[in-house]
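Subject: The structure you asked about

Hi,

Here is the structure I promised to pass on.

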Amino acid sequence: MKQAKKIFTRMCLNNWGGINHKILEFHEYVNLFSGKSGSGKSTVMDAIQVILYGSFSPSFLNKAADDAKNRRSVLSYLRGEQKDGTANREGQDFCSQIVLELQDTGTKQYVCMGIAFEVRKNDSEIRKFVYFSHLGKMPEGGYLTAEGYPYSNQEIRALTETRMKETAKGGRAELNRIYPSREAYISTLYDQILGYIDGNRFMTMEKSAIALKMSNGTGQFIRDYMFPKSEGDTIETISEQLGAYRDIKEKIDVLENKIGMLKKVRETGQKLTMTRADIVKQQAVIRCIDIEDLKNRIDALLQDQDRTQERLRELRQQEEELEALSAQLENELILVSADLKSSDLGNRQERLEELEKRSRMLADNAAQWRKILQGLRRWESDEIVADYISNRLLNLIGAFCTGPVTQAQCLELRSRLEEERQNIEEEYETYHEQERQLSKDLKEKQKLLDDMKNNRKSYPEVLTKARAALEQKLSALYGRTIKVWIFADLFDVEDEEWKMRRRTSGTSEAEPDYRAEGRGGCSKSLPGDGAV
């Protein structure tokens, strides 16, 4: 049975060095990074060191390329600065994450820990960053939003809160958190995540790493460092020299950083003390203001209560008075109702309603009568109407509109109007029949004129219809189009005097000649065009 252990499975880099987004997968035992200078080996190693040690010190970075001119800072890594002076993310606001994923082979549980940054284009140092960790594997998108942008610090916080809710009933839920300081992050990392390792020893092991140059090639490196010609321990000598120099320089940097941090802590502590005193003072003032406000509100409510009670007493008194008045009015109503029943007021009221109804009917009749008189007066004054009706009827209308009207006059006027209506309808039918005849004559004249203009002979409509019917029957009989000609159309008249005489003659004179021409004709099949 294999012994349980903790192994790094994956690493996520978002906006780190020359890498925009990359997820690296690690082997359980040995992982080798190889490539040309500038390919990103040191970039990955520095990211691992920043996660494991939580330090942003420039002297702490780039151990695998130990050269003074290649020294970098975390801010230069975040902006993606290159050796030629360019930067991938120069002049931009962006977010960045470096995260390691660790698996416990015994419990099969995963834990992710890392650092998230928010960088503004004008920042000269790192201002906004958070140390975080959460249970479970990395998100599927590798800490990227749906639009492809790295998570902000607020979204990292939301992720840890979500993982906290998911593992609330299980163990180790406290690993889903944002750490307030590097010390809290390192303490949790070494004690709980990595399994109670000695932090001091872990730091010593890191500082004993050696960066060896291979400027003369791999073969020369093996001969010089792995199989030296001299009997002395070349590697140990180089290690001691480099280690002593590095230790001294790092101690100086650490001391300077600690001095600066202590100054900032002192200043921050003084500001914090003053801020807390101001907060206490402001809170006391706020409490006093709130107490005075509550007193004023209580007084106002008490006054409102007194006014409401006084108003309630007045309303109750008015209610009692109204009830007494209502009882008095009910008694009076009973007495009045009894008096009405003993009198003839009911009969008079019905009579009044009947008279009002008759009055409305007479008013409607009067309006209708005025409308009839108005229409008759228009007849009397209209010249066109006067041409179609008799003088007797006009005299009746005049008498009807000026003097008193009797039933006999109404009956006589009605009889006369009926006779005039019948006469007008008969005259209308006569005019309508004349119009139809004139329209028919006009069409015939127009057809004759059109034939004369187009040098066509004019035939009766019966003859034209007979020719069309004969063409249709013959075409159906022989299965092809048969053209039928009138015999008179086969003659070509060349005498201009005769043509003019025929054109100037009327339809009644031309028709007999055409009939005479057609009377002697006969139908026969003509060769060639199939005409008849």
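Before anything else, one cut-off: a residue is called buried when its relative accessible area is under 20%, exposed when it is over 50%, and partly exposed in between. By that rule E101, at 2% relative accessibility, counts as buried. Please also keep in mind that this is a predicted model.

Now the overall picture. The chain has 14 helices and 6 strands. Of its 532 residues, 25% are buried. The exposed surface comes to about 38,500 Å², and carbon and sulfur atoms supply 54% of that. If you take the contacts with a separation of 6 or more, 57% are between residues 24 or more positions apart.

Next, the inside. In soluble globular proteins, nonpolar side chains tend to be buried together. Here the largest nonpolar core has 39 residues, and M11, W16 and I98 are the ones that touch the most other members. Two or more residues each come from strand 1 (6-16), strand 2 (19-25), helix 1 (41-53), helix 2 (74-79), strand 3 (94-104), strand 4 (109-119), strand 5 (128-135) and helix 4 (182-193). Helix 1 gives the largest share, 7 residues.

Which residues does W16 contact, leaving aside its neighbours within four places in sequence? The list is T43, D46, A47, V50, V74, Y77, L78, R89, S96 and I98. Apart from this core lies another one, of 12 residues, with V99, A116, Y143 and L159 among them.

Strand 4 and strand 5 pair in the antiparallel sense over 8 bridges. On to the next neighbour: strand 5 and strand 6 (residues 177-179) also run antiparallel, joined by 3 bridges. There, F132 stands opposite I178 in strand 6. Is strand 5 mostly covered or mostly open? Mostly covered, with 6 of its 8 residues buried.

Back to charges. A search of the whole structure finds 15 salt bridges. E118, R120 and K128 are linked in a network of them. Two other pairs lie within single helices:

- E314 and R311: their side chains meet at 3.5 Å, N to O. They are 3 residues apart in helix 7, so about one helical turn separates them. E314 is partly exposed, at 34% relative accessibility, and R311 is partly exposed too, at 44%.
- R421 and E425: the closest N and O atoms are 2.6 Å apart. Both residues lie in helix 11 (residues 407-453), 4 residues apart, about one turn of the helix. R421 counts as partly exposed at 39% relative accessibility, and E425 is partly exposed with a relative accessible area of 42%.

L294, I298 and L302 make a nonpolar surface patch of about 280 Å². L302 is in helix 7 (residues 234-342). Why is L302 called partly exposed? Because its relative accessibility is 44%, which falls between the 20% and 50% cut-offs.

Cheers

Terms used:
Residues are numbered from 1 along each chain as its sequence is written. This is a predicted model: local features need pLDDT of at least 70, side-chain atom pairs count only at pLDDT 80 or more; totals for chains, interfaces and linings use all residues. Side-chain values use heavy atoms; hydrogens and water are left out. A nonpolar core is a set of buried Ala, Val, Leu, Ile, Met, Phe, Trp, Tyr and Cys residues joined through side-chain atoms within 4.5 Å. Buried means under 20% relative accessible area, exposed over 50%, partly exposed in between (1.4 Å probe, protein chains only). Contact means heavy atoms within 4.5 Å. Two strands pair if DSSP finds at least two bridges between them. Patches are made of residues with over 30% relative accessible area and no salt bridge: like charges are joined within 9 Å, nonpolar side chains (Val, Leu, Ile, Met, Phe, Trp, Tyr) within 5 Å. Accessible areas come from the Shrake-Rupley method with a 1.4 Å probe; for residues, only the protein chains shown count as cover. A salt bridge is a side-chain nitrogen of Lys or Arg within 4 Å of a carboxyl oxygen of Asp or Glu.
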